[in-house]
Amino acid sequence: QDEEKWDFVLVSDIHEVGSEKEIKRKKFLDELSKKGFTIKKIEDQKLFYGVRAPKQIFQKYQWLLRNFNSRQQSPDVHQDVPVTTRIRIVNFILNNTVTPDHEKLHDLKNNKVFEASFPLHEKEETLLETWAHWRGICHPQPIKEIRNYFGVKVALYFAWLGWYTRLLGIAAVAGLVVFVSGMTIFSSSQVSKEICEANDTIMCPLCDQKCPFWLLSDTCTYAKVTQMIDNEGTVLFAMFMAIWATVFLELWKRKRATVVTNWDLYGWDEEEEELALQLINNLEHQPRQYQYSYFRSTIVLVLALVMITVLIGIAHALVIYRVIATALFTQSNFELLREWANTMAVMTGAVLHYITIVIMSKINRHVALFLCDLEKPRTLNQRENNFTVKIFTFQFFTHFSSLIYIAFFLGRINGHPGNYVRIAGRWRLEECHPSGCITDLFIQMAIIMVLKQTISNVMEYLIPWIAHKLRKKRQRPKKRRLMLGEEEEAEDPCKKQWLSNYQLNEVDTFSLFNEFLEMVIQYSFTTIFVAAFPLAPLLAFFNNVLEIHLDAIKMMRLQRRMVPRKAKDIGIWLQVLEAIGILAVIGNALVIAITSDFIPVQVYKYTYSPCMMANSTGIDCSTGYINHSLSVFRTRDFETYTKLPETAPDFIRSEITEYRDYRNADDYSYTVQFWHIFAARLAFLILFEHVALCVKMIAAWYIPDVPQSVKNHILKKKYSDLHKELRWVMLREV
């Protein structure tokens, strides 16, 4: 039975006898034969070569990487090598076997000598029935079986994703509670009441070309939605999420320590493994030295900064679109577009932002790979770490540049009536709604998260499914002719298995990386701007429940088997997640201090409100806030570029209108209240960041990274090994 098990399959086109490609293929297969590999050929529409490594290779691997306890035994004594280890060793040898023409398998694939190489799927009933099936959506993941089939790295990814999803449920419940509590004040908020009752407050036109004056009460619904998001509960939730992010990572470190200890990987050394594989493949191999070039690193840094500048420029282009769209919508012949011009500009801008994310994600990948090639990393792991940092940085700016503008710059750099900041001297920048800008950020995040999670999940499953069906369909007619014409070959039990595996979708080194990147970007959305979108953890939770099983189905049924990789943690992703945790504290502090109206309302309540006066019992302390936050403007001071409507509405009885800002009526300079609020925002920002970071540090200290049981297990193992070593030495002396 073992003789019919093959470690890898190589696929090639049928080349002419004596052609250059046929000769190169033969040279490569001859090199494998010299190393003791067994090779089996099956011909169909393609040529299939099954390869099986000799037992001596695995015995060498076991002997080189045994601990002291095992090395006391004879080199001939060995245990069965796990399938995942066999595949990993054979993959390494295949990729590092050099032909007399100094070509490796990678070069031969580029030259179309070989089309593909892959390990074979096996029938794993537990994974197929309980994991890669929708009936297992509520069952715990079989992490042990995943490890035995796909290797440690894939198992750690799903262990991390399951742990993240489990703790995300707590954040989702908290976010839902905050959102529902906000809905309870949908119509009862004093601020929204004042906006809805402001039937005589005339606001400045929203554009320059014959846009009408409008009443503040016209935006009653928008104000209610804003107050539903922007309330005291938002501050508490932001602080909660900062603590949650820290607790999640600390608990994951403990979980990971327990898992890798149970798998006997806690002290595993990746460099030692790599050197062992190199020596097994070629005893004369000399290890590649570590190198560092300041010149090369400078070039990479400059090019990375150029790329980031381009991504920020794209965010500026989205800002320009929103400005122009707002101007066009306000002049539209459709009343609905005119009334909801700002909201429509935000929504269409969010859709356009999502499209740029899809396009730039592909460009970012090519640029990051190019920069990695410039650095010339020594190992695959080093290359993956370098690539991770670069692609995450590019993706972060791609996803969040537009959100950063909306959160921190929208409505704050646009000037004021009579002196607007304009793009190309024509289109003026957007303004915030009188009740705040946080709803714009809410809409942008909601649209991007919903589109990204729904469309991405559908495409992530649908494209491999369609590709798999098309590959099977292309193979089927030829397969029938071969079965009728070559009966003996059709009976070969390997042929059906090899063909079915070949028809699956190709995987590469970055297949698992893509899944990690998708989840880390989602983690950024659920933490960095969560103060503006409390439903982010809930959407992420439902997405992850589906994601786990979509990934399982894809890996087991639609893709070729991944080459297992060994690891003792999730690598540099942990550092990325910790960096996101710090950014989350800063981002949420800025959202509350700058984007939200929380600070201006609190300053008004405790400084200027009726509650600060005598006999104010029973009065809501935010009474009068809206009028206090508006400034007066004389229509005669409009710029000459501004064209007012020829016929003013009935409510225009004076030449005075209002706009959102804290400015004096005579010279439009900032009022004392503006500087008071500015100081309060700055004080809150510093206080929130320091308190949140201190709480994170305390939580990190309070929760040990490694459980005591794991430490004691390692201590006991070290003691046992040393004790046995000493006894062995003493016995030899006797």
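Student: How much helix and strand does the chain have over residues 84-143, and how far apart are the end C-alpha atoms?
Tutor: Residues 84-143 are 45% helix and 5% strand, with the end C-alpha atoms 14 Å apart. Helices (H or I, at least four residues) and strands (E, at least two) are DSSP runs numbered from the N terminus. This is a predicted model, where local features need pLDDT of at least 70 and side-chain atom pairs pLDDT 80 or more, while totals for chains, interfaces and linings use all residues. Residues are numbered from 1 along each chain, and side-chain values use heavy atoms, without hydrogens or water.

Student: Which feature does UniProt place at residues 84-143?
Tutor: The unreviewed UniProt entry puts "domain: Anoctamin dimerisation" there. Such annotations may be inferred rather than shown by experiment.

Student: Okay, new topic. Where does UniProt place the "transmembrane region" feature?
Tutor: The unreviewed entry lists several stretches, including 154-180, 234-252, 570-594 and 678-703.

Student: What are residues 570-594 and 678-703 like, helix or strand?
Tutor: Residues 570-594 are 88% helix and 0% strand, and their end C-alpha atoms lie 35 Å apart. For residues 678-703 the figures are 96% helix, 0% strand and 37 Å.

Student: How do α11 and α25 cross?
Tutor: Helix α11 (residues 232-262) and helix α25 (residues 672-702) have axes that come within 9 Å and cross at roughly 30°. Axes are lines fitted to C-alpha atoms over the stretch in contact, and angles run from 0 to 180 degrees between N-to-C directions. So α11 and α25 are roughly parallel (under 35 degrees; over 145 is roughly antiparallel, 65 to 115 roughly perpendicular, the rest oblique). Their crossing is right-handed, with the near helix turned clockwise from the far one by less than a right angle.

Student: Which residues meet there?
Tutor: On the α11 side, Val235, Ala238, Met239, Ala242, Ile243, Thr246 and Glu250 take part. Among their partners in α25 are Phe684, Phe688, Val691 and Lys696. Contact means heavy atoms within 4.5 Å. By class, this contact has 12 nonpolar, 1 polar and 2 charged residues. Asp, Glu, Lys and Arg count as charged, Ala, Val, Leu, Ile, Met, Phe, Trp, Tyr, Cys and Pro as nonpolar, and the others as polar.

Student: And α15 with α16, at what angle do they cross?
Tutor: Roughly 155°, with the axes of α15 (residues 341-375) and α16 (residues 380-408) coming within 9 Å. That's why α15 is roughly antiparallel to α16. The crossing of α15 and α16 is right-handed, and their contact has 10 nonpolar, 9 polar and 5 charged residues.
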